[in-house]
Amino acid sequence: MTTETIDTAGAVPLTRLSEEEQMFQQSVREFAVEKIRPLVHKMDHDATMDKDLIKSFFELGIMGIEVPERFGGAGSTFFTAVLIVEELSHVDASCGVLVDVQNTLVNNALLRWGSDDLKTKYLPMLAADTVGAYALSEAGSGSDAFALAMRAEDKGDYWSLTGQKLWITNAAEAGVFIIFANVNPEAGYKGITAFVVERDFPGFQVGKKEDKTGIRASSTCELMLEDCRVPRENVLGEIGKGYKIAIETLNEGRIGIGAQMVGVARGALEHAIAYAKERKQFGRAIGDFQAVQFQIAQAATDLEAARLLVYNAARLKDAGMPFLREAAMAKLFSSQVCERVTSVSVEIFGGNGYTREYPIEKFWRDSKIGQIYEGTSNMQLQTIAKTILTDRL
Ligand SMILES: Cc1cc2nc3c(=O)[nH]c(=O)nc-3n(C[C@H](O)[C@H](O)[C@H](O)COP(=O)(O)OP(=O)(O)OC[C@H]3O[C@@H](n4cnc5c(N)ncnc54)[C@H](O)[C@@H]3O)c2cc1C
């Protein structure tokens, strides 16, 4: 045991928020409860995101959280984005992921790899009124993302993209897409290149929308590109370096998915606690029974642990410190916790929990996606194992 003393004067608890963070948290929390909650049931039933809500996200300034003010954004931090995704998701996970993809994947990729011209053209749009989407997955390449088959051919004054993408979040609403295609399949993953594609570029089409189990109001669509003409200047980063952009954006993005899962678990638990206080059996509120109290106590403890993992990963990222393992752990654990907490919350509602008349079953359905997208749980375990067994990457 070491006797070395360290100066902890500057250390602050992970959950202590700055004034700006509190301001965003409070305003988005109020917005979610007052404006989103009344629409949740219908949006889930209709599998459609309310258009006016999307407008409000822009007005609230939460579609360009890290985008510098000179491009019309809020000029805030990644941690703020994480707080906002949690607040939205505690009421509706579909709103959470719409804002999450915009900030942690699309804006993030442009901020880090965009040329000055690309940033000047697209960041103001993304902060003001244009939804973005991020298209890596295809029918034949999910976990094995770099096996993607979409081709990009150099046609002299433009790039021609041909192929299909699958599972693209926000595709129904998006005006701008970051699309990964291979310029040289013989070079394998070293041919993968990222392009910024606008919805109305010739040869671009949004296809079928998936009918999903959960996050039903979040659109998930196929993209079809047939000789889609992309201007040369719309290559994002370097040719052949798309794999690096994908890896690095997704490393960050999965902290956002962790925040979504923390939000969903928290939303479910809040409903369950309120119900446990109201519902009477054997002449008492069910929350008076120690067994129910313990279910709630365990869920609250799991939730707190998940939140600490997510907040820590986000704070590490903002501090410019390594966060790969922590991000993978945060996503893995928070998605497991979310499934457990939403499931026990359904049980606390009894038979009512199993009907669509009550809000709780939706949280359960929404929880499952956290173990699938932005790298399945097995992929997170693979990353964690690699960093442990081969030293930190
Ligand atoms: C609602 C939704 C939204 C999405 N949004 C987007 C988006 O916006 N953009 C985008 O590009 N993609 C998106 N995706 C795609 C998502 O990232 C993939 O579905 C995910 O990466 C898994 O790929 P897959 O579905 O092909 O499953 P597969 O890769 O076929 O995996 C199937 C199972 O096999 C396991 N498995 C595979 N390989 C291994 C291995 N080597 N070791 C151990 N286990 C393994 C997996 O863990 C999983 O359990 C979305 C998906 C969904 C469902």
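Predicted model: local features only at pLDDT ≥ 70, side-chain atom pairs only at ≥ 80, totals over all residues.
Biologist: Which helix gives the most to the lining of the largest cavity?

Modeller: The model contains one cavity of 30 Å³ or more, and the space in the largest cavity comes to about 30 Å³. Its lining is formed by S89, V91, D92, A93, V264, K362, F363 and D366. With three residues, the element that gives the most to this lining is helix 9, residues 360-367.

Biologist: Which helix gives the most to the lining of the largest pocket?

Modeller: The largest pocket has a volume of about 1,300 Å³ and is lined by 45 residues. At least two lining residues come from each of helix 4 (93-113), strand 3 (158-169), helix 6 (242-278), helix 9 and helix 10 (377-389). The element that gives the most, with six residues, is helix 6.

Biologist: Which residues lie nearest the centre of the largest pocket?

Modeller: By class, the lining of the largest pocket has 21 nonpolar, 13 polar and eleven charged residues. Out of the 45 residues that line this pocket, those nearest its centre are G142, I372, Y373, E374 and G375.

Biologist: Which helix gives the most to the lining of the second largest pocket?

Modeller: The second largest pocket holds about 320 Å³ of space. It is lined by 16 residues, and V40, H41, Y358, P359 and K362 are the closest to its centre. Two or more lining residues come from helix 1 (19-46) and from helix 9. With five residues, the element that gives the most is helix 1.

Biologist: How many residues of the lining of the second largest pocket are charged?

Modeller: Lysine belongs to the charged class, and K362 is among the residues closest to the centre of this pocket. The lining of the second largest pocket also has five nonpolar and three polar residues. The number of charged residues in that lining is eight.

Biologist: Is helix 8 roughly parallel or roughly antiparallel to helix 9?

Modeller: The axes of helix 8 (residues 324-348) and helix 9 come within 8 Å and cross at roughly 160°. An angle over 145 degrees counts as roughly antiparallel. Helix 8 is therefore placed, relative to helix 9, as roughly antiparallel.

Biologist: Which residues of helix 9 make the contact with helix 8?

Modeller: Helix 8 passes helix 9 in a left-handed crossing. On the side of helix 8, the contact is made by C338, E339, T342, S343, S345 and V346. On the side of helix 9, the residues are I360, E361, F363, W364 and S367.

Biologist: How many nonpolar residues has the contact of helix 1 with helix 3?

Modeller: Helix 1 contributes E20, E21, F24, Q25, V28, R29, A32 and I36 to the contact, while helix 3 contributes F79, T80, L83, I84, E87 and L88. By class, two of the contact residues are polar and four are charged. The number of nonpolar residues is eight.

Biologist: Is the crossing of helix 6 and helix 7 left-handed or right-handed?

Modeller: The axes of helix 6 and helix 7 (residues 290-318) come within 9 Å and cross at roughly 155°. The two helices are therefore roughly antiparallel to each other. Their crossing is left-handed.

Biologist: How many residues of the contact of helix 6 with helix 7 are nonpolar?

Modeller: Residues of helix 6 in this contact include I255, V262 and L269, and they meet residues of helix 7 including V292, I296 and L303. The contact also has one polar and four charged residues. Its number of nonpolar residues is 16.

Terms used: Residues numbered from 1 in each chain as written. Heavy atoms only, no water. 1 Å grid on protein atoms, 1.4 Å probe; cavity = no way out; pocket = protein on both sides within 12 Å on 5 of 7 lines; lining within 4 Å. Points joined across faces, edges and corners; volume = space filled by probe spheres on them. Helix = DSSP H or I, 4+ residues; strand = E, 2+ residues; numbered from the N terminus. Axes fitted to C-alpha atoms, helices over the stretch in contact; angles between N-to-C directions. Parallel < 35°, antiparallel > 145°, perpendicular 65-115°, else oblique. Left-handed = near helix turned anticlockwise from the far one by under 90°. Contact = heavy atoms within 4.5 Å.
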